Amino acid sequence: MSNDAPVTFLTQDAYDRLAAELERLSTTGREEIAKRIEAAREEGDLKENGGYHAAKDEQGKQEARIRTLQHLLKNATVSEAPESTGVVEPGTVVTAIVAGGEEIFLLGNREIAADSELDVYSEASPLGAAILGLSEGEKTSYTAPNGRAIAVEIVKVETYSGQ
């Protein structure tokens, strides 16, 4: 089975929150931007109309967010966070010694922990890819974007509880 799109783990709460955001942006959000663009267009010369250009920029950002949300929701696996078995997998909270300092973070999509203070690393990031599948006590290293090798030791892997 070949699928080019990566599957993203989302909790039901995160999925519902993102679906509501997509609905709002796709309906009232688009209407509001269209009204702002029309009002600015009526002011005259578009070349030097700051309000028009700002509204068009905002429209572009909003459309990009809509596309991102559509893609994310289409390719999401919605379930509860996996029960920790001591193995690093998407949706688990990892305590690790990274470059000599202890870090606690969620492995997965940042949208899962939007209401949390928890740092989030994607499983596609250099750190995430290096530790995916490792067990507590295992060590590895990964190459940072600057080319430096970074040592990592998995200390603890826990179930994500939503905080």
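This is a predicted model: local features need pLDDT of at least 70, side-chain atom pairs count only at pLDDT 80 or more; totals for chains, interfaces and linings use all residues.
**Entry 1: the aromatic pair**

I searched the whole structure for aromatic pairs, and the search returned 1.

I then looked up where the two residues sit: F105 belongs to strand β4 (residues 101–107) and Y121 to strand β5 (residues 119–121), so the pair ties together parts that are 16 residues apart in sequence.

Next I checked accessibility for each partner. F105 has a relative accessibility of 0% and therefore counts as buried, whereas Y121, at 26%, counts as partly exposed.

**Entry 2: the sheet**

I followed the strands of the pair into their sheet, which is open, has 5 strands in the order β5-β4-β3-β7-β6, and shows mixed pairing. I asked myself which strands stand at the edges. They are β5 and β6 (139–143), and because each has a single partner strand, one side of each is left without a neighbour in the sheet. From one strand to the next, I read an average twist of 45 degrees.

**Entry 3: the pairing of β6**

Before looking at one pairing in detail, I reminded myself that strands of a sheet pair through backbone hydrogen bonds, in either a parallel or an antiparallel way. For β6 and strand β7 (residues 149–159), I found the antiparallel sense, over 5 bridges. As one example of a bridge, I looked up T140, whose partner in β7 is V152.

Key:
Residues are numbered from 1 along each chain as its sequence is written. Side-chain values use heavy atoms; hydrogens and water are left out. Rings of Phe, Tyr and Trp (its six-membered ring) pair if their centres lie within 6.5 Å; planes under 30 degrees apart count as stacked, over 60 as edge-to-face and the rest as tilted. Helices (H or I, at least four residues) and strands (E, at least two) are DSSP runs, numbered from the N terminus. Buried means under 20% relative accessible area, exposed over 50%, partly exposed in between (1.4 Å probe, protein chains only). Two strands pair if DSSP finds at least two bridges between them. Axes are lines fitted to C-alpha atoms, for helices over the stretch in contact, and angles run from 0 to 180 degrees between N-to-C directions.
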